[in-house]
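Hi there,

Here's the structure I promised to pass on. Have a look at it first, and then read my notes below.

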Amino acid sequence: MARYIIKRLLIMVVIVWCAAIVVFTLMYLAPGDPARILLGSEADDNVIQMKRVALGIDKPYLMQLGIFMYKTFVKFDFGTSWVYNVPVMSELAERLPRTILIGFSAMILNVAIGVFLGIKAAIHEGKWQDSTIMIIAMAFISAPDFWVALMLIILFAQKLGWLPAYGIESWKSYVLPIICSCFGGIAVNARQSRSAMLEVIRADYITTARAKGQKEDVIVRKHMLPNALMPVITSLGNGLTSIVAGSPIIETVFVIPGVGAYLLTGLNSRDLPVVRSCVVFLAIFSSIAMLLTDLAYAFLDPRIKAQYASGRRTR
Amino acid sequence: MNRNFLTKSLAVILAGAMTVSMAACGSLTTGSSDSTGNTAAAETAASDSGTAVSEATVSASSSGSTGSLYPEITVALPSDWKDLSPVNLNQDSKPYFMFNIYETLFDIVDGKFVGNLAESYTNVDDKTMDVTIYDCIYDSDGNHITADDVVNSINWVHDSGNAIGYDYFESVEKKDDYTVEFHWTKKPMSMGVLEQIIARAAIFSTKAQGEHNFATDPVGTGDYKVTKCTTGSSMTMEARSDYWGNDPAIAAKRAPYHTATVQKINFQIISESAQAAIALETNKIDVCSYITADTLPEFQEGGQYAGNYQVIEAMASDYYQINPNGGSKFGSDENLMKAIYYALDNTSIAKAMGGSYIPAKAYGSSFFYDYDKSWESESNYINTYDPAKAKEFLSKSNYKGETLQMIGLSTEAVKNAMQMIQVQLLQVGINVNINAYDQNTMEATMGSKDGWDFVVSLTGGPSLVKSLGGYGNTINADNNNKYWVSDDQLQSLLDTANTDGTNDQEHLKAALDYIMDKGYGYVIADASSSIVATKKLTKMFMREGYYTVAASTYSNN
């Protein structure tokens, strides 16, 4: 297992380098001169050129790429935002906790509620409970984030006055963004866990367990759930990345200065240090999240663990 | 694989991860941009009371606050200020507060330069100007501002790649403790051409610059100090009790917006207008200028929330216009562009834009002090909707039914305008494709002659003559203006309208007539804003078209 983790970490380094090169190249080729965008259309060519020199974008592609890779991976200097004039890492460090708070809380909620609903729907397959849950899931997945956000604001902020509609002043400010963020996830997890449960519900070992007289809740908890959780774990792994990336829509509507809004502003204003650094940071985080997902497979599924073990023996 | 190698690799990765996380607590730097502007009719000197700045007076009767400050006001802003460094003072949401945090050598009040930090100035010769600042200027950190700080501030803007409008600037040097000497590359035709250097460059303490990151923690000489700032969310600034300009003798010489009227001002970013409306309805904010037209009646007399709020109509220093791309086949076709202008009914376009846009009747906007209302009685393609004349010009043009590319900002107002323009042009047989972009993509698109034929944009400035700066032949190496036109005659007319002695309405009119004769521009509507404000506000103060809550008056009752 240790060998496998080390191998994955080394692959991760290559992946992050590749991601850095790709994002650098894409932003280099993106239309629009960052210097002109920063200074406006009425700046003349001389001033634009001075700005390009100041930003370091007057140099050839390979030289710029080399400087970027050296600073990022050797000096761990992610640069300073051209728009915000603050080091990217320091801005990320300030914004990340807000984004993670929303994303992580929403993920816990959507997994807990989604899996619970999925199991309920599966064990009542074809009955009214199943239909009701699937209708709710369909409604959750169909409702656009911004619309749900506005409806929640109208209800809880305007009509009832229980929660603030925007800002980051207190813990209450995060309640609506978290609820709004978890709707889609609840629907996905409910549908995914329902179909996974249905796959195992008629398996021979379940029939055997029932024949042995085991209680239904024990069968669900001990025999069905571990096998049905694998697809949910995969989606959780993917979800971990979006926890850190944040949601520009949610952050914009609720005026949360998070990573999603930061990246979006960076893209719109061709703030290359912000875009590059955020992508590299997300690439690192995604790779780690994927590794953790794979390790979770091994932890939960003895067959996969056995594969690792046999791999070690063959070497 | 070698075990040692693997161990070392893992160590390097872990060390890297640790360093990355530690870098998150790193330090800060600076550097950014500035907006532009050429020219300006220029009268000078430290002013009289300087009260020519516009005020949107509200019907409520009140004498306003005099001695005591109004305790607290919360203002909604539609966009993030991003960076509070002393550059870009007129960009994004900054004009609403930056001139209360930082101060410049001069202010511009109705086109005239009024001493701000500058107590006096002398033109030593054609290319040398001495400026003496007050000897009692202190910033919010208590640093004494001297000539050294002025030199450093001006040079910092110049050297950081933000020197827009610095064409005349050669150098600045200290003459004595409170006097600096500017050296110009050539004789300025008026003080207006020096605007960016003497009236837009914030002066700050060199010591404070070294101790603070102005991007989030600004230290200026203004009447307010930022006490809390969360980029992307909110900012609070409070009136300075130790403000150097509180001295009545000094205040009397300066522009009127340097006297704080509110103790504490909170700026809250709320990008969605629906959210802002809810914030008003729940009394979370006091002022908002971007409530949509369909929601405004709720805050007007007779509306559900009229008890707490009022709607103040204020003209802005901007106007929406159409400009052809001189570098495109169609944009350079004078007959085609005139056909387009005559085919447009700007009254219906202004109505379609929503809000309170006022259709233009002549070139410019009545907001400007140098605009003459009598121009509106003359017949021109701006105040004449004539499809027959449009077809006449169209028949003389080289247009053969191709599809023109119209570009514009993706704001609701511009998108609505473009849709109406598309329909009206189709009625005379001109096909137009709409391309709506965000500000940055539009800047990038206009940076090339290809891909667009005409643009719907927002233009403005402190005066009409300054708003014409975009027509000047200065933008790129080919001597074109921002619309890819190079016209020496227009440049000469603009120069004349900007030069001391000839910067009058007669010469401005000559430039405007030439612009319309050549079909270089068409004004759709004057921008105005409907500001929803608490009824406690009795007089809204407007600075260069931007409402300034810090200098407005309030009723404490």
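Predicted model: local features only at pLDDT ≥ 70, side-chain atom pairs only at ≥ 80, totals over all residues.

**Domains of chain A**

For chain A, the assignment gives domain 1 (2-73) and domain 2 (97-268). If you take the C-alpha centres of domain 1 and domain 2 of chain A, they're 36 Å apart.

**Helix 4 of chain A**

Helix 4 of chain A covers residues 61-73, so 13 residues, and at 1.5 Å a residue it should span 18 Å. Its end C-alpha atoms are 18 Å apart, which agrees. Which residues are buried in this helix? They're A:Q64, A:L65, A:F68, A:M69 and A:T72. Looking down the axis of helix 4 of chain A, you'd see its buried residues fall within an arc of 130°, so they line one face of the helix. Among the elements covering those buried residues are helix 1 (2-29) and helix 13 (272-300) of chain A.

**Helix 10 of chain A**

Just after helix 10 of chain A, you'll find A:G246 with a positive phi of about 75°.

**Cysteines**

How many disulfides does the structure hold? Over all chains, there are 0. A:C180 is buried, with a relative accessible area of 1%. Over in chain B, B:C288 is in no disulfide either, and the nearest cysteine sulfur, that of B:C229, is 20 Å away. B:C288 is buried too, with a relative accessible area of 0%.

**One glutamine in chain B**

Last stop: B:Q491, which sits in helix 14 (residues 488-498) of chain B. Is B:Q491 buried or exposed? Its relative accessibility is 17%, so B:Q491 counts as buried, the cut-off being under 20%. Setting aside neighbours within four places in sequence, B:Q491 is in contact with B:G472 and B:N473. B:Y471 is 20 residues from B:Q491 along the chain, yet their C-alpha atoms are separated by 7.6 Å.

Cheers!

Technical notes:
Residues numbered from 1 in each chain as written. Chains lettered and ligands numbered in written order. Heavy atoms only, no water. Disulfide = S-S within 2.5 Å. Buried < 20%, exposed > 50% of the residue type's maximum accessible area, 1.4 Å probe, protein only. Helix = DSSP H or I, 4+ residues; strand = E, 2+ residues; numbered from the N terminus. Domains from an automatic or database assignment. Expected span 1.5 Å × (residues − 1). Arc of directions from axis to C-beta. Contact = heavy atoms within 4.5 Å.
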